[in-house]
Amino acid sequence: MLFIIDQGLFQYNIRDHHAILGVSLDANDQEIRKQYLKIARLIHPDTCKFSTDREKNLANSLFSRLVSPANKQISTLQLRTEHLCVVERIAKKITEDSNFPVITSEDGKKLLEADVSSLHLVYRSLINKISETQYAEVEEVVSKIGQISQINLVYIIQKRRHGSKWEGKNSIMPNEYSATESVNSYIKRAKQYIEQNLPIQAITELKEVLKHDPSNAIAHALTGIAYLKQNQFTMAKIHINKSMQLGAQDALVIKAKEALDKFVKESDSPKSDNGREQSSKKNNEIFKNIFGGKKE
């Protein structure tokens with residue numbers, strides 16, 4: 001079965017493996033693996049839950065012809081880097097030729113209008129929104145792959161066009177800890193994700209810092225805060241206590257410890273329905289105060 005996709009990067013004779021898996025162009029190994037397993041549970045022949053023969057056959061073709069090859073191509077750093085170098089050359093050619101492609105999707109247009117400072121955050125948010133249900137309906141998969149690829153196309157062009165305003169080198173590289181991204185870049189994005197109530201994305205960013213700099217007190221504090229937002233007290237306690245050992249005088253570390261103490265106190269006291277509602281409001285105030293005041 002042939003799958004014809006002519007949106008986004010596909011129109012430049014390149015197979016957009018990231019769009020097929022529904023991950024961002026800067027997705028790391030963990031994100032790619034997690035998304036691949038999620039898709040496999042839905043459409044792999046051994047676990048497919050679709051009821052009709054047509055749906056099962058289509059799911060099987062999608063897995064064997066698109067998903068499995070895409071995972072093989074970008075699940076390892078070397079192949080992923082090679083693929084992304086090709087993607088960047090496309091962006092370079094488009095911007096140099098000033099031949100901007102027609103953007104038809106609403107999400108693509110939204111990213112096109114995004115401010116440079118929020119481009120990455122908007123980009124990731126749009127990808128995550130579509131990928132959540134990308135393989136839920138097999139008949140819609142090809143269309144959603146095209147939508148994601150169009151978002152990818154806008155992203156690489158916008159990043160190339162505004163390259164001088166970006167931190168690090170003007171390069172689309174995997175979301176690995178390297179010269180293309182500074183520690184501050186990861187931490188800044190993590191803060192933005194926490195403020196937008198996206199703790200999982202924040203933790204993903206912070207893991208990249210801690211993988212190479214396990215003694216970063218700010219990263220531990222922010223990781224603890226992100227876990228608090230998910231009510232994972234044990235993990236929050238581990239990271240916030242670690243941040244206290246590493247940088248007890250830092251203002252953010254102190255606020256993270258205060259937030260942990262307040263959460264523990266709230267969780268230990270019995271609550272009525274009204275009490276739970278009041279507790280929820282207090283928790284929101286705790287997070288608001290963490291990043292309140294003068295910006296760093």
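Colleague: Is Asn13 buried or exposed, and at what relative accessible area?
Modeller: Buried means under 20% relative accessible area, exposed over 50%, and partly exposed is in between (1.4 Å probe, protein chains only). Asn13 therefore counts as exposed, at 79%.

Colleague: What pLDDT do side-chain atom pairs need here?
Modeller: Residues are numbered from 1 along each chain as its sequence is written, and side-chain values use heavy atoms, leaving out hydrogens and water. The model is predicted, totals for chains, interfaces and linings use all residues, local features need pLDDT of at least 70, and side-chain atom pairs need 80 or more.

Colleague: Which segment holds Asn13?
Modeller: Asn13 isn't a glycine, yet its phi is positive, near 60°. Helices are DSSP runs (H or I, at least four residues), numbered from the N terminus. Asn13 sits in the segment before helix 1 (17-21).

Colleague: How are helix 8 and helix 10 oriented?
Modeller: Their axes (lines fitted to C-alpha atoms over the stretch in contact, with angles from 0 to 180 degrees between N-to-C directions) come within 11 Å and cross at roughly 20°. Under 35 degrees counts as roughly parallel, over 145 as roughly antiparallel, 65 to 115 as roughly perpendicular and the rest as oblique. So helix 8 and helix 10 are roughly parallel.

Colleague: Which residues of helix 8 meet helix 10?
Modeller: Contact means heavy atoms within 4.5 Å. On the helix 10 side are Ile218, Leu222, Ile225, Ala226 and Lys229.

Colleague: How many residues of helix 9 are buried?
Modeller: Helix 9 has 14 residues and is mostly covered. Its buried residues pack against helices including helix 8 and helix 10.

Key:
Helix = DSSP H or I, 4+ residues; strand = E, 2+ residues; numbered from the N terminus.
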